[in-house]
Amino acid sequence: MWKKKEVIPDYITQNVSEDLIKLVDMVKIYDTGSIKVLGLKRVNLTIKRGEFVAIMGQSGSGKSTLMNILGCLDRPTMGHYFLDGIDTADLPSDDLSAIRNRKIGFVFQSFNLISRTSALKNVELPMTYAHISKKAREKRALELLERVGLGTRYEHMPNELSGGQRQRVAIARALANEPPLILADEPTGNLDSASSVEIMELFSKLHNEGATVVLVTHEEDIAAFTNRIIRFRDGNLVSDTPNIPISKREKEELEEPEEPEEPEYQSGDALC
């Protein structure tokens, strides 16, 4: 028996707003029964299309709560979350699911790949849920794996890949449906230093190609790759500052003219 093809409302598939993320007086309260915990306290925040943003904070600061709401995995208790112009606060579950599939690409610390499925099939998965034809999704998955530097590894299983390579597969999967937003939750947390730099350089490349990337991290050297750093403490947004990305900073330093060296004098030289 054929399953009826899902009908996605036009407002979900369209990109309608320059302000890709807009939070208005957003509050999140966790009700544990005996007490209520205030996770986020009247957060107001705008992230425009094409930005590369790091969200930072210590454990319990509210950054993970924020990420869950941005990913439409949780709802605010009060206030509004507009994603690409859509107020997600009161949407039905089916529409939220469609938004996650069409508008958000997720990258997780633990990769979240299907272990007994090839890199190619892992990348195809979001397109399967979007009812894209087998031929089209295989073609796009191959193109994406090539884009992240794994064009020759498409048949490999996750356990045949290094940590950095698995995260590249996860990034390719996040790009599968061409979402306007990439959310990355501690994307380098399980990687060594060299692999972490490679992954951040890949995110920088995607950003330069037009992707909007928002990542959660507690590492300053990872946040240094982004263009904007937002810090949370005790559920409050405490700072929001622009940043010169490390890649651009290094380039500017290389382009700076060198100061002429002072002449060296041997002992006994006459100074005129």
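I first looked up which residues join two of the helices, and found that Ala 119, Asn 122, Val 123 and Pro 126 in α4 meet Val 169, Ala 172 and Arg 173 in α6, where contact means heavy atoms within 4.5 Å. Helices here are DSSP runs (H or I, at least four residues), numbered from the N terminus. I noted that this is a predicted model, in which local features need pLDDT of at least 70, side-chain atom pairs count only at pLDDT 80 or more, and totals for chains, interfaces and linings use all residues. Residues are numbered from 1 along each chain as its sequence is written, and side-chain values use heavy atoms, with hydrogens and water left out.

I then looked up the axes of α4 (residues 119–129) and α6 (residues 163–174), which come within 8 Å and cross at roughly 30°; the axes are lines fitted to C-alpha atoms over the stretch in contact, with angles from 0 to 180 degrees between N-to-C directions. The two helices α4 and α6 are therefore roughly parallel, a term for angles under 35 degrees.

Next I turned to α6 and α7 (residues 193–208), which pack at about 20° with axes 9 Å apart. Their contact includes Gly 164 and Ile 171 of α6, and Leu 202 and Phe 203 of α7.

Finally I searched the whole structure for aromatic pairs and found one. Phe 106 and Phe 108 are stacked, 5.8 Å centre to centre with 5° between the planes (ring centres within 6.5 Å make a pair, and planes under 30 degrees apart count as stacked).

Conventions
Rings of Phe, Tyr and Trp (its six-membered ring) pair if their centres lie within 6.5 Å; planes under 30 degrees apart count as stacked, over 60 as edge-to-face and the rest as tilted. Angles under 35 degrees count as roughly parallel, over 145 as roughly antiparallel, 65 to 115 as roughly perpendicular and the rest as oblique.
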